[in-house]
Each structure stands twice: as structure tokens, then as C-alpha cells.
Amino acid sequence: MIKKLITISICATLFCSAVQAQYDPDKVNKKAKALFEKAYGIAMNGNYAESIKTLQDAIKIEPRYMEAYLSIAGLYFEQKKYQNAIENYEKAKGIDSSWFKEYNLPYSINLAGVGEFQKALKAIDEFLSVPNINAQSKKAADYRRKTYQFAIDYSNQHPAGNYKFAPQNMGDSINSDQLEYFPTFTIDDADFIFTRRVNGNEEFYESHFVNGHWTKAVPLPGDINSNLNEGASNISQDGQWLIFTGCNFPYGYGSCDLYISYLTPQGWSKPENMGNRINTESWESAPSLSPDKRDLYFASGRPGGYGGQDLYVTHQLANGRWSDPENLGPEINTIGDESAPYIHADNQTLYFTSGGHLGYGGTDLFMAKKQGKSWSKPLNLGYPINTIENEGSLVVAADGKTAYYTSDRSDTRGGLDLYSFELREDARPARTLWVKGKVFDKKTLKGLPSGVELTDLGTRDVISRVQTDATGNYLITLPVGKDYAFNVKRRGYLFFSENFSLSQRTPDSTYNIDIPLQPIEANASVVLKNIFFESGKFDLKPESTIELDNIFQLMKENPTLKIQISGHTDNVGKAADNMALSNNRAQAVVKYLVSKGIEQARLTFKGYGATQPVANNTSETGRAQNRRTELQVISQ
């Protein structure tokens, strides 16, 4: 309702009369008035440029023609040419500031359009000082005043410093004279998919990043595009799933539903409706998959929310079905509309649009962080990312700083184009690396469908849990800034253990790890890379429980299994001390397993000191590899 009132107030400035002061509209030259009337008719037919030219001709005849300046300003505002509008408002104000007072509302909105929030606040205060303002205008002015004050307070709390907002058009390979919007991409930024409106029909296009350049965008191959409208897509980080919004499909539940398509050797499969747990008779749209493909965020207008459109999440269950959607709650949702959720590759940072949280006017972009099972207070992304207009969707690359969005800036190829820009530091998610590879049987070399799990060693929370594809291929994300336990499991095999220490260092590259799983049989062994001790001590550190519990689970699933835990050290120090330390460390692991209920008879331990090195002890890297705990199968 407020937006409508503002629009009415702005449009009223195009062609209107006002109370008389020093300026007297009745004394305007008749030829100038005739041109004014002509300009009015031209504007009503949508030809703003010609209307402005006609008004300027009127001003040449009558240089103090306030209505002409005000109308030119209003026409520039309709084209979002705020600076041109401001210049003409100020020319009118210079003629008679008292007569101009009632136009300070639209003047202030244009000032805010170019980020002049202090001047906009002053202008709105002048407007509010006018006696007997009607209730609708006062309500609109009070709303605008609140947004200007927010903008001023925000700039004080989040100083821009050296940050420059400089969106770059993605170029002719991506953009065309048609409309392009709703970008999505894989974790490596190599595959870029977006929606293009072609002759009124929405279709998906793709481009690939090859040798530093984007290839010419082409329609997605396969059976996904149709003569119906497909839009608002989200590709999984591994590039295997595409979830999108389909409206008015013949097999839908409501006006707009969510559909899924899978990548096959022949291209994208025929879309499948995601079912009546996710879709309703209401509007569902704007899907966003978590990097492990276990959580799906989306917007819905279903009853029972906090406002018109709310954000929801559904979780994939063990049987492959999706759970009943959960509302993201009052931290995220408001009495206004929330939409366009985007969960970053770090699986912790959510971007979305909202018209209910306080901002700059219209719909703004916000960021929130996961805090256990709830969310942090949303952070407005600030001006000039947010403006007085309605902002659309935003997606952020794995590097945590490169963002993509849709705009109709001055260098557009035609209407809406896709742009990239660098995010301000305090609005960034964690930079995210990834691990990918193939899980296979060590003996047969055949790919193995397996579970891959990433756990935060600090909190011991599972960050991601993914399932490989049928041939054992996997991809899992690694947000930097934390240390992780990485495990791969499959029944009948020893689990695989790896450790990624990213809290103190940030590697420049990603990881490619092919994983040979060993069948559970005599003499099979695995290095337990997430068993931790203080230097020179044998007390298990708390973060070791992740690995210890994996051993416990292995023993429970294989009730006749017998194992030996072996301790090893580097060659620093006395040999006798190293032998004792390694023996005590192996014994500590066994004691933990016994305390959890594993029979002592199934467990043995032995310390080998520095007698069985697996690397050279002349470097710290080699010594670190030699300091290890191993599990070996004695018998099944």
C-alpha cells in the first residue's frame, strides 16, 4: 500500500498545478503553455524523450516555467534517471523555494536514488513542515523518512572504506538483446546457467568458462526446455541436478511449482514435479540447494506463514523423499514478502530478498548466517547494492567475493542483463574449496556408491553428508577457516579417514582425491588421521571422538570383527620414550572403545615407536606422517 501511495505522489508531479506564491502560473506565456499541453499528450503515449524535448522548448520561451521543470523531473524519474530529475527539481526550487515545498517528497526520492541520503532527509523534513498535508502524503513521507534515516545510520555502522561497487556486464557471450536473469553455476564456476526470455517464452541457456572466457550461450540440451515457461533455476554444486520453477504446467499442483531435472549422457532429463510435500495450490518458486544436496530452500505463498511469501527449507530423507517443509522462522520471515533464497557453497550463509525488513525502500537484499538450528539477524547488504528500487536475486561464487546479479544498467545489451561484481568484505560468506574424486574397491578397482561425510572438528557437527553417484564419483565443499574430519564409509569396507586443517592456512587449490576402500578382511588397515594427542602426551583430545565413534560404529556393524590399534612416532627423542608413548596412545584408543561397550577380547594394541616410518624423518612433513595411529584387521 505504501508503494502505491508513493507512486501516486510521484506521478502527481508530472503535470499539475500548485498553490501560488511568488511564482504565478497564470502569467506563463501562452505559447509555452501550449507546448506544455502538447508534451502532456506525448508523455501519455509513452514517448518520454520527445515529451522532455517539447517541455524544454517551452522553457526556452518561458525560462521561469516551474511546471515544465517539475514535469521534466518527473519524466526522468520514470526512467530512473535520478540525477537528471534532481537537476530539474533544483532548477524549479531555485525559481521559488516556497512554491516548491510540496515537491520535496519526489525530490527526496530522487536524491536517495543517487545515494544522497542526508540531502534526502533534509528535503523530506521540509515536506513534512508544510501545513495540512493530506494523510496519504504524510504516510508516504514518514515511510521515506524512515528509509533515509536507516541509510544514514547504516553508512555510519558499515563504512565503505575503499570498497567500490563496480558491476561488470558479463558480455555478449552471456547477454543478448533479450532479457537474461536468474543466474546459477557449479562450484568450480565452469558451468553457468541462466534464464533467457525469448519472444516471451522463458528458457534455460548455458555457457562454459574455457581458457579464461565464457563460451557463447546455447539452450540447455535434453528435454528440459519446452514451450512453457521455465525459470528461477538452481544447479547443484556438482552439476548433476537442476531444480527450477515451472508455471502453469499441465501436471502441476498450483500456479507455480518446483520441478527437478537430472543430467544424463543425452542432456537434461524430462522435468519431474517435486511432489505435493513441496508444492501446494499456492505459489512455490526460487529454489536453492545446499552444497550437499540434502537441503532445499525455496519461497512459498502457502498459508500459515508470517507474511505473503515466506522462505522454507525441506530436507532429503534417507529414502530419497523430501520432508515436510519448515518455515525458516521470524528471524528471516516478516509480514512482508521474502524471496530468492540462495544458500552459499559454505552451507552457512543465506542471501535473500525482503520487503519486510527495514531497508532502502522496495525489496532489498539481505544476508543471514546459520546459528545452530536458527539464523542470525539478517544484514542488509547496503547501498549501492541495495537501492530505492526492488532488488532481484543474488548468487555468490565459491571464492566468497564474486557475486552475480541481474540489472538494466546503462551498458545493457537489452533490458535485463547479467552482471558480476565484488562483494563488500563484511557481506561475504566463507571462501569455499572443495574435494572431489572417485571411491572405488581397492582390489577390483570398481566404483563404489558410498557415503562421504565432513565434520567440523571444533564443534563436532556434521557440516556436509553426501552420497556418491552410482559409479562412486563425489564432490564435497570445504569452507575455509575451520579444521575438518573427512570420512568415507560403506558397509563391508574399512572407512577412509582424512584431515583438512584450514583454520590457520588457506590452500590456493582444491583437492582431487580418489579413494580406494578396503574390504574388511585380515591385514586390511587404515591410518586414522583424526586421532589427536598433545605433543608428548597420550590423552585423547576431544576432537578425536569423531574418528573414535567411527571405529565404534564399524565394530557394531561387524560384531565378529577383531582389530589391532597401532601407535607410531617420529624419531625425535629417545627411542624408549617414543616406544612407550606410542604404546600408551594405542592403549588410549582401546580404552575409549571399551568404555563405549566394545568387548576387550576384540581389541588389541601395540606401540611401534619410530621403527615403522612411512616417510622420511628429515622434514616436518615427513615426521608428521610418521606420527600416526593405525587400525588393522586381525580377523573377521
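Predicted model: local features only at pLDDT ≥ 70, side-chain atom pairs only at ≥ 80, totals over all residues.

**Entry 1: Asn 88**

I started with Asn 88, which touches Tyr 69, Ile 72, Ala 73 and Tyr 76; that leaves out residues up to four places away in sequence, and contact means heavy atoms within 4.5 Å. Asn 88 lies in helix H5, residues 82-95. For the labels, helices (H or I, at least four residues) and strands (E, at least two) are DSSP runs, numbered from the N terminus. Asn 88 counts as buried because its relative accessible area is 8%. My cut-offs are under 20% relative accessible area for buried, over 50% for exposed and partly exposed in between, with a 1.4 Å probe and protein chains only.

Residues are numbered from 1 along each chain as its sequence is written, and side-chain values use heavy atoms, with hydrogens and water left out.

**Entry 2: the whole protein**

I then stepped back for the overall figures. I count twelve helices and 35 strands in the protein. Its C-alpha atoms fill a box of roughly 110 × 55 × 50 Å along the principal axes. There are 636 residues, and buried ones make up 53% of them. Among contacts with a separation of 6 or more, 57% are between residues 24 or more positions apart.

The accessible surface comes to about 29000 Å², and 48% of that belongs to carbon and sulfur atoms; areas are from the Shrake-Rupley method with a 1.4 Å probe, and for residues only the protein chains shown count as cover. I also looked up the charges: the mean positions of the 68 positive and 73 negative ones are 4 Å apart. Lys and Arg count as positive and Asp and Glu as negative, with His and the chain ends not counted. Each charge is placed at NZ of Lys, CZ of Arg, CG of Asp or CD of Glu.

**Entry 3: the cores**

Which residues touch the most other members of the largest nonpolar core? I found Phe 192, Leu 394 and Phe 421, out of 79 residues in that core. Helix H4 (residues 66-78) gives the largest share of this core, with nine residues. Apart from it lies another core of 26 residues, including Phe 495, Ala 524, Ile 551 and Leu 593. By nonpolar core I mean a set of buried Ala, Val, Leu, Ile, Met, Phe, Trp, Tyr and Cys residues joined through side-chain atoms within 4.5 Å.

I checked the contacts of Phe 192, leaving aside neighbours within four places in sequence: among them are Met 170, Ile 174, Tyr 205, Trp 214, Tyr 404 and Leu 418. The list also includes Thr 184, Glu 206 and Ser 207.

**Entry 4: the disulfide**

The structure holds one disulfide, a term for a pair of cysteine sulfur atoms within 2.5 Å. Cys 247 and Cys 256 form it, with their sulfur atoms 2.0 Å apart. The link is right-handed, at 100° about the S-S bond. Are its two ends buried or exposed? Cys 247 counts as partly exposed because its relative accessibility is 24%, whereas Cys 256 counts as buried at 8%.

**Entry 5: the loop between E20 and E21**

Next I went to the loop between strand E20 (379-380) and strand E21 (394-396), where Ile 388 is found. Pro 384 is found in this loop too, and the peptide bond from Tyr 383 to Pro 384 is cis, with omega near 10°. Ile 388 is buried, with a relative accessible area of 8%. Not counting residues up to four places away, Ile 388 touches Tyr 82, Ile 109, Ala 112, Gly 113, Arg 144, Tyr 360, Gly 361 and Gly 362.

**Entry 6: two asparagines with positive phi**

Asn 132 has a positive phi of about 60° although it is not a glycine. I placed Asn 132 in the loop between helix H8 (117-128) and helix H9 (135-157), and it is exposed at 79% relative accessible area. Asn 211 also has a positive phi, about 50°, without being a glycine. Asn 211 is in the loop between strand E4 (201-210) and strand E5 (213-214) and counts as exposed at 74%.
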